[in-house]
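Please keep the sequence and the structure in view while reading.

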Amino acid sequence: MGSIKLKNIKVFAYHGCLDEEGKIGSDYRVNLKVKGDLSHSAKTDALADTIDYVHLNKIVKEEMAIRSKLLETVAERILKRVLDEIILVQKAKVEVSKINPPIGGNVAMVSVIRSKSR
């Protein structure tokens, strides 16, 4: 078993329950960690034999572009696509964070963390 991590993917998106959030948007950070058997690719040195982190990044960016009220919904979509599209992934964990959320206080970010396994 091995892990691949994508840390601090920076995205501008329009998630949130407030109408203003859908109009002005805000900054987000996403961390994604996947686990799978990387032993074969370690021997073959072939991209086709591993978990492609370019594909993972593409999934995150595409799903973050779809407006949702809740970060939980975005996280679920990311996890579902990772497991549906990348057969080598056995487990995935995603953290979706909204930077400077409009919650009436000095809060750097709020995060939702979800994980799924096959």
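## Helices and sheet

Helix α4, formed by residues 71-85, lies across β2, β3 and β4, and it runs at about 150° to β3. The model is a predicted one. In total, the protein chain contains four helices and four strands. Along the sequence these elements follow the pattern β-α-β-α-α-α-β-β.

The four strands form an open sheet in the order β1-β2-β3-β4, with antiparallel pairing. Strands β1 and β4 (109-117) are the edge strands, each of which pairs on one side only. On average, neighbouring strands of this sheet are turned by 15° against each other, direction ignored. Helix α3, residues 53-64, packs on the sheet and touches β1, β2 and β3; the direction of α3 makes about 35° with that of β1.

Strands β1 and β2 run antiparallel and are joined by 10 bridges. Strands β2 and β3 are likewise antiparallel, and nine bridges join them. V11 has Y28 in β2 as its bridge partner, and Y28 in turn stands opposite K98 in β3. V30 has V96 as its bridge partner in β3.

## The chain as a whole

The C-alpha atoms of the protein chain fill a box of roughly 50 × 25 × 20 Å, taken along the principal axes. The chain has 118 residues, of which 37% count as buried. Among the contacts between residues at least 6 apart in sequence, 59% join residues at least 24 apart.

## The largest pocket

Which residues line the largest pocket? The lining consists of K5, L6, K7, N31, L32, K33, K93, V94, E95 and I113. By class, four of the lining residues are nonpolar, one is polar and five are charged. The volume of the largest pocket is about 170 Å³. Strands β1 (2-13), β2 (26-36) and β3 (89-99) each supply at least two residues of this lining.

I113, one of the lining residues, lies in strand β4. Not counting residues up to four places away in sequence, I113 touches K93, V94 and E95. The C-alpha atoms of I113 and K35 are separated by 16 Å, and the two residues are 78 residues apart along the chain.

Y14 is placed in the loop between β1 and α1 (19-24). The contacts of Y14, leaving aside residues up to four places away in sequence, are with E21, G22, K23, I24, G25, Y28 and R67. One of these partners, Y28, is the residue that bridges to V11. Between the C-alpha atoms of Y14 and D27 there is a separation of 8.7 Å, while these residues are 13 residues apart along the chain.

N8 and D45 deserve attention for their backbone. N8 has a positive phi of about 60° although it is not a glycine, and D45 likewise has a positive phi of about 60° without being a glycine. N8 belongs to strand β1, whereas D45 is found in the loop between α2 (39-44) and α3.

How accessible are these residues? The table lists the relative accessibility of each with its class.

| Residue | Relative accessibility | Class |
|---|---|---|
| Y14 | 36% | partly exposed |
| N8 | 39% | partly exposed |
| D45 | 73% | exposed |

The classes follow from cut-offs: a residue is exposed when its relative accessible area is over 50%, buried when it is under 20%, and partly exposed in between. D45, at 73%, therefore counts as exposed. Y14, at 36%, falls in between and therefore counts as partly exposed.

Conventions. Residues numbered from 1 in each chain as written. Predicted model: local features only at pLDDT ≥ 70, side-chain atom pairs only at ≥ 80, totals over all residues. Heavy atoms only, no water. 1 Å grid on protein atoms, 1.4 Å probe; cavity = no way out; pocket = protein on both sides within 12 Å on 5 of 7 lines; lining within 4 Å. Points joined across faces, edges and corners; volume = space filled by probe spheres on them. Nonpolar A, V, L, I, M, F, W, Y, C, P; charged D, E, K, R; others polar. Pairing = 2+ DSSP bridges. Axes fitted to C-alpha atoms, helices over the stretch in contact; angles between N-to-C directions. Contact = heavy atoms within 4.5 Å. Buried < 20%, exposed > 50% of the residue type's maximum accessible area, 1.4 Å probe, protein only.
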